[in-house]
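Let's take a walk through this protein together.

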Amino acid sequence: MGEPTIRRASVRWEGGLRFRGGEERGPTTLLDADGVEAPGPFIALLLSAGACAASDVVDILTKMRVVLGGVSVELIATRRDEHPRRLLALELVFHLEGSGLTEVNAARAVDLSLSKYCSVLASLAPDITLTHAIRLG
């Protein structure tokens, strides 16, 4: 096993419940806990999970020589009602279109992402229930 990779990022308060963050000398993004000017931190977590899994799926299907025409992921989260309002369950619904796309290669790509490659999902608490569905066309 190799040495761990260290990544550094920071967030800076911009007033209200708005924060801008990113890596030093890298692009930044706005987070708004009120959800008015930008997604809040919880939604950003969901978006990160979806983008992580979707990027894996795109990469894997491209290596399978699928010509993708569209990829999107719906994220359906269940949270606790009490504080901390942590994530209890997450369903990812993959919508995939492309030439050469089959149920078999789509399922293989999604399974590899969810079980092996997606670092965001692997970083979530192990007791979170993760489910998924795949919709072709």
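How do α1 and α2 lie to each other: parallel, perpendicular or oblique? Before getting to that, keep in mind that this is a predicted model. Two packed helices are described by the angle between their axes and the distance between the axes. Here, helix α1 covers residues 41-63 and helix α2 covers residues 103-117. They pack at an angle of about 130°, and their axes are 9 Å apart. An angle between 115 and 145 degrees is neither roughly perpendicular nor roughly antiparallel, so α1 and α2 count as oblique to each other. The crossing of the two is right-handed.

Which residues do the touching? On the α1 side you'll find A53, D56, V57, I60 and L61. They meet N105, A106, A109, V110, L112, S113, L114 and Y117 of α2. Sorted by class, the residues of this contact come out as 10 nonpolar, two polar and one charged.

Now step back and take in the whole chain. It has three helices and six strands. Starting at the N terminus, the elements follow the order β-β-β-α-β-β-α-α-β. Along its principal axes, the C-alpha trace spans about 50 × 40 × 35 Å.

Next, the empty space. Rolling a probe the size of a water molecule over the atoms shows where empty space is left. The largest pocket holds about 300 Å³. Strands β1 (10-15), β2 (18-22) and β3 (28-32) are the elements that each give two or more residues to its lining. Among the lining residues are R7, S10, V11, G22, E23, P27 and L31. By class, the lining has four nonpolar, five polar and two charged residues.

Finally, two spots in the backbone are worth a visit. Most residues other than glycine have a negative phi, and most peptide bonds are trans. R25, in the loop between β2 and β3, is not a glycine, yet it has a positive phi of about 60°. The other spot is the peptide bond joining H83 and P84, which is cis, with an omega of about -5°. To find P84, look in the loop between β4 (67-79) and β5 (87-99).

Technical notes
Residues numbered from 1 in each chain as written. Predicted model: local features only at pLDDT ≥ 70, side-chain atom pairs only at ≥ 80, totals over all residues. Heavy atoms only, no water. 1 Å grid on protein atoms, 1.4 Å probe; cavity = no way out; pocket = protein on both sides within 12 Å on 5 of 7 lines; lining within 4 Å. Points joined across faces, edges and corners; volume = space filled by probe spheres on them. Helix = DSSP H or I, 4+ residues; strand = E, 2+ residues; numbered from the N terminus. Nonpolar A, V, L, I, M, F, W, Y, C, P; charged D, E, K, R; others polar. Axes fitted to C-alpha atoms, helices over the stretch in contact; angles between N-to-C directions. Parallel < 35°, antiparallel > 145°, perpendicular 65-115°, else oblique. Left-handed = near helix turned anticlockwise from the far one by under 90°. Contact = heavy atoms within 4.5 Å.
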